[in-house]
Amino acid sequence: MSVAVANEPAPSLRIHSPANGSFVGEVLIDTPESVRAAVERARRAQPAWGARSIAERCAVMLKVRQAILEHTDEIVENAAKENGKPRHEGLLHEVMTQLELISYFAAESERILAPEPIPLRLLKHRASYIHFQPRGVCAIISPWNFPNHMGFGGAAMALFAGNSVIVKPSEFTPLSAQILRRIYVEAGIPEGCIQVVNGYGDVGAALIDAGVDFVEFTGSVGTGKKVAQMCGERLIPCVLELGGKAPALVMDDADLSRSLNAVLWGGYANAGQVCASIERLVVHEKVYDRFVPALVEKVKALRVGDASASSDVDVGPLVNQRQLDIVSRLVDDAVARGARVACGGHRIEGPGLFYAPTVLLDCTPEMEILNKETFGPVVPVMKVGSEAEAILEANRSHLGLLAYVFTKSGARGRRIAEQIRAGTVMVNDVIATAAAAETPWGGVKQSGIGVAHSDLGLRHMCEARHVNYDATPWLSRELWWYPYEAKSLPVLRRMLHALYGRGLNRLFPKG
Ligand code: NAD
């Protein structure tokens with residue numbers, strides 16, 4: 001998509017494996033002009049796609065699903081190289097999540113986007129409905145931690161809704177988007193309806209500035225605020241999916257075996273680089289001495305390595321040097337303030353950006369590691385003496401994306417869940433609703449605005465337009481139309497009292 005300046009090599013993003021430093025691939029960086037050209041192409045292509053029936057669009061998207069399935073290995077291998085993802089995670093987090101999302105919306109889009117009648121309370125002689133129309137051109141700006149699912153989950157939904165879509169992938173993982181765009185086009189999505197623009201943050205900003213009709217941004221809180229500001233100035237509707245600091249509460253009646261396995265996976269999958277990763281572990285003192293040492297043993301047994309060279313890898317590298325530096329700094333700060341390293345706590349020497357899976361004990365609220373998003377294979381632990389204290393700790397964050405509660409009591413789990421300010425609280429499980437496309441995915445507090453996934457998310461990618469029409473077209477004029485005459489005032493007063501008064505004695509007030 002880039003326009004090269006004559007006789008000069010166009011600037012590009014050169015991607016090296018975070019696990020071994022080897023060169024993986026390259027894409028050209030877009031210019032503001034090429035971004036605008038992409039938006040114009042998208043705008044030209046959208047009306048024909050949007051005019052297809054929902055059923056036709058779903059049929060094409062099912063071909064996309066089949067094509068993704070057939071290219072599973074290519075996607076998984078690229079994720080292992082570009083991102084350092086273990087192959088199991090490539091298969092489940094990057095491929096299966098997309099297949100599931102497409103399956104759900106292929107089955108449900110007609111229902112979700114069907115016109116919705118509104119029963120009218122007052123205007124009984126009229127009728128209303130909402131119909132959902134494509135917004136036009138959607139921009140999906142995505143991060144590096146799930147380069148396939150994040151960018152193209154949003155893209156798939158935008159297409160189901162009848163929009164054309166332009167994906168701006170992270171500058172650290174642009175190769176996934178190249179593969180997926182090719183798959184979408186081969187499967188039958190018109191070229192102009194699915195495009196990718198590449199580059200750093202300025203290219204994301206250029207995309208917002210190029211006249212798009214909707215922005216779905218997934219990334220950090222800091223960038224999210226800039227995106228919100230740009231969208232605000234242009235009055236472009238946006239969904240912001242931002243950072244998380246998920247607490248996991250292990251209560252005194254938890255099933256310890258399940259909790260251990262869940263915390264292990266929830267804390268270290270994708271090397272902790274998940275917005276829903278467990279970033280604060282709150283353990284009840286009655287189970288602390290059994291739970292925490294067992295967790296440390298399991299963390300020590302995690303196999304760290306280069307997923308592109310072996311499938312027997314649990315934890316891959318961090319995506320870039322900056323991320324490695326953030327994790328190191330937060331751990332060092334916690335240790336300087338009194339945290340104890342139960343395992344890990346250091347970078348792994350040698351090629352690749354690896355950090356040893358870490359458990360930090362005796363963590364206290366003033367430590368940065370309990371306040372800033374770590375996005376690394378580190379679980380800081382706190383001990384609490386009661387349910388109320390656990391809830392207090394869970395809510396002690398400016399972020400509120402995911403939270404987890406472990407207890408054998410269903411009623412207690414739901415009671416605690418309802419007291420935690422997070423977009424999603426899971427009881428006795430972690431992260432998994434990211435793959436349940438029918439459930440809303442979104443944060444409260446500074447974790448974001450709006451939701452991705454779910455019926456709500458699909459409808460938000462549409463303009464919800466309201467039509468109101470006459471169901472009984474026999475009145476020549478309404479009661480409240482001109483002319484305003486003194487004699488009609490008592491009638492109107494009686495009408496107000498009849499509708500909103502408390503009893504029959506108020507029906508006929510004096511005057
Ligand atoms: P980031 O904010 O640095 O970048 C995200 C995307 O925004 C990239 O494509 C980047 O190029 C682009 N960008 C940067 N500046 C921009 C600007 N001014 N205007 C427009 N676009 C701009 O985030 P990241 O480091 O790639 O991703 C990690 C963050 O993403 C973490 O905070 C994580 O929690 C969050 N995340 C959230 C979710 C969620 O669902 N809530 C999911 C995954 C990741």
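Colleague: How far is a backbone N or O atom of L242 from a nitrogen atom of the ligand?
Modeller: It's 2.7 Å, inside the 3.5 Å limit for a pair of N or O atoms to count as a polar contact. Bear in mind this is a predicted model, where local features need pLDDT of at least 70 and side-chain atom pairs 80 or more, while totals for chains, interfaces and linings use all residues. Side-chain values use heavy atoms, without hydrogens or water, and numbering runs from 1 along each chain as its sequence is written.

Colleague: And which atom of the ligand does the side chain of S220 reach?
Modeller: An oxygen, with an N or O atom of the S220 side chain 2.6 Å from it. T223 also has a polar side-chain atom 2.8 Å from a ligand oxygen.

Colleague: How many residues surround the ligand?
Modeller: 30 (a heavy atom within 4 Å), and E171 and E373 are among the closest.

Colleague: Why does the ligand lie between the domains?
Modeller: Because domain 1 (25-242 + 454-464) and domain 2 (246-442) both give residues to its shell. The bounds come from an automatic or database assignment.

Colleague: New topic: where's the cis peptide bond?
Modeller: Between Y482 and P483, with omega about 0°. P483 is in the loop between β20 (462-470) and α15 (488-500); helices (H or I, at least four residues) and strands (E, at least two) are DSSP runs, numbered from the N terminus.

Key:
A polar contact is a pair of N or O atoms within 3.5 Å; within protein, one must be able to donate a hydrogen and the other to accept it, and residues adjacent in sequence count only if both atoms are side-chain atoms.
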